[in-house]
Amino acid sequence: MSPGEKLDPLPDTFILQPPVFHPVVPYVTTIFGGLRAGKMVMLQGAVPVNARRFQVDFQCGCSLHPRPDIAIHFNPRFHTTKPHVICNTLHGGRWQAEARWPHLALQRGTSFLILFLFGNEEMKVSVNGQHFLHYRYRLPLSRVDTLGIYGDILVTAVGFLNISPFVEGGSEYPVGHEVPCSRALPQGLWPGQVIIVRGLVLPEPKDFTLSLLDEAAHVPVTLRASFADRTLAWVSRWGRKKLILAPFLFYPQRFFEVLLLCQEGELKLALSGQGVGATSLGQQALERLRELRIGGSVQLYCVHY
């Protein structure tokens with residue numbers, strides 16, 4: 001990709017809202033496109049040792065006066081004799097009946113990964129990979145356009161996913177795929193097909209690779225991220241490296257998304273929602289591909305194609 005060359009825009013359904021790292025709490029942000037069934041919000045952080053409570057609110061607006069409706073209020077409380085989570089809905093300035101979950105899966109002084117998955121009729125929540133609760137909507141999900149985080153919480157990262165990975169293998173929550181990871185491509189790649197890889201970079205990363213193999217087990221192309229010199233490159237079958245002139249968007253202990261969109265004879269690449277380049281292989285070469293391999297210093301949550 002030459003400097004100044006413009007990429008065709010990726011379809012809206014594949015665009016990922018940029019993640020947010022180390023926001024200051026209280027933190028309020030717009031949810032691009034609002035919430036809808038299939039969307040997911042990832043919250044990574046830690047609970048301070050002296051925490052009393054915090055809340056994550058999925059709001060219908062961000063005004064201060066009057067206070068906006070809150071479709072979903074997720075409120076862990078640590079200061080009581082029996083720590084628990086409250087979920088509720090604020091409508092017209094009035095709280096509705098509380099829903100309470102004991103046996104709080106969060107603890108003071110520990111880190112966490114919370115996933116909020118939005119279905120057709122309810123929200124499901126997992127904590128550190130384990131299902132914790134589900135909460136039926138009391139207001140239309142389509143009204144939600146704002147995320148608010150308040151209280152005693154240290155937030156490392158907030159991720160917004162526009163395509164749910166949960167359909168993969170029938171798993172309710174994304175599970176960690178072993179790395180290296182291999183997936184068959186029995187029909188090759190065709191125009192319009194998309195490969196999505198989501199995960200978390202490990203604390204002391206060295207590299208990340210995504211390779212495509214053909215029928216003869218040759219590797220026509222590899223996408224390689226090198227953490228030593230913070231470069232991103234396409235590597236050809238013969239080892240020739242073509243640097244991708246784009247910001248290096250992989251960071252230790254942070255979420256990432258790699259998206260490859262197959263178009264006629266080429267693969268377009270987006271990282272964490274930003275289109276960063278393309279590589280041409282020819283349509284016949286794409287159709288002969290038979291395997292996807294992923295390796296490196298990452299924990300995978302989703303491999304979808």
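Q: In strand 6, which residue is the bridge partner of His73?
A: The structure is a predicted model, in which local features need pLDDT of at least 70 and side-chain atom pairs count only at pLDDT 80 or more, while totals for chains, interfaces and linings use all residues. Residues are numbered from 1 along each chain as its sequence is written, and side-chain values use heavy atoms, with hydrogens and water left out. Strand 5 (residues 69-77) and strand 6 pair in the antiparallel sense over six bridges, where a strand is a DSSP run of E with at least two residues, numbered from the N terminus, and pairing requires at least two DSSP bridges between the strands. Within strand 6, the bridge partner of His73 is Asn88.

Q: How many residues lie between strand 5 and strand 6 in their hairpin?
A: The two strands are antiparallel, with six bridges between them. They form a hairpin, and the number of residues between strand 5 and strand 6 is six.

Q: Why is strand 6 largely enclosed by the rest of the structure?
A: Burial is judged by relative accessible area with a 1.4 Å probe on protein chains only: under 20% is buried, over 50% exposed, and partly exposed lies in between. Strand 6 covers residues 84-91, and it is largely enclosed because, of its eight residues, the number buried is seven.

Q: Which residue of strand 7 is the bridge partner of Leu90?
A: Strand 6 also pairs in the antiparallel sense with strand 8 (residues 99-101) over three bridges, and there Cys87 has Ala99 as its bridge partner. With strand 7 (residues 94-95), strand 6 pairs in the antiparallel sense over two bridges, and the hairpin of these strands has two residues between them, with Gly92 at a positive phi near 60°. In strand 7, the bridge partner of Leu90 is Trp95.

Q: How many residues does the second, separate core hold?
A: A nonpolar core is a set of buried Ala, Val, Leu, Ile, Met, Phe, Trp, Tyr and Cys residues joined through side-chain atoms within 4.5 Å. The largest such core has 42 residues, and Leu43 is one of those that touch the most other members. The second core includes Val201, Leu210, Phe248 and Leu292, and its number of residues is 34.

Q: Which strand gives the most residues to the lining of the largest pocket?
A: A pocket, on a 1 Å grid over the protein atoms alone, is an open set of points where a 1.4 Å probe fits, with protein on both sides within 12 Å along at least five of seven lines, and lining residues have an atom within 4 Å of a point. The largest pocket is lined by 16 residues, of which Pro220, Ser236, Arg237, Ser280 and Leu281 lie nearest its centre. Strand 18, strand 19 and strand 22 (274-280) each give two or more residues to this lining. The most, three residues, come from strand 18.

How values were computed:
Helices (H or I, at least four residues) and strands (E, at least two) are DSSP runs, numbered from the N terminus.
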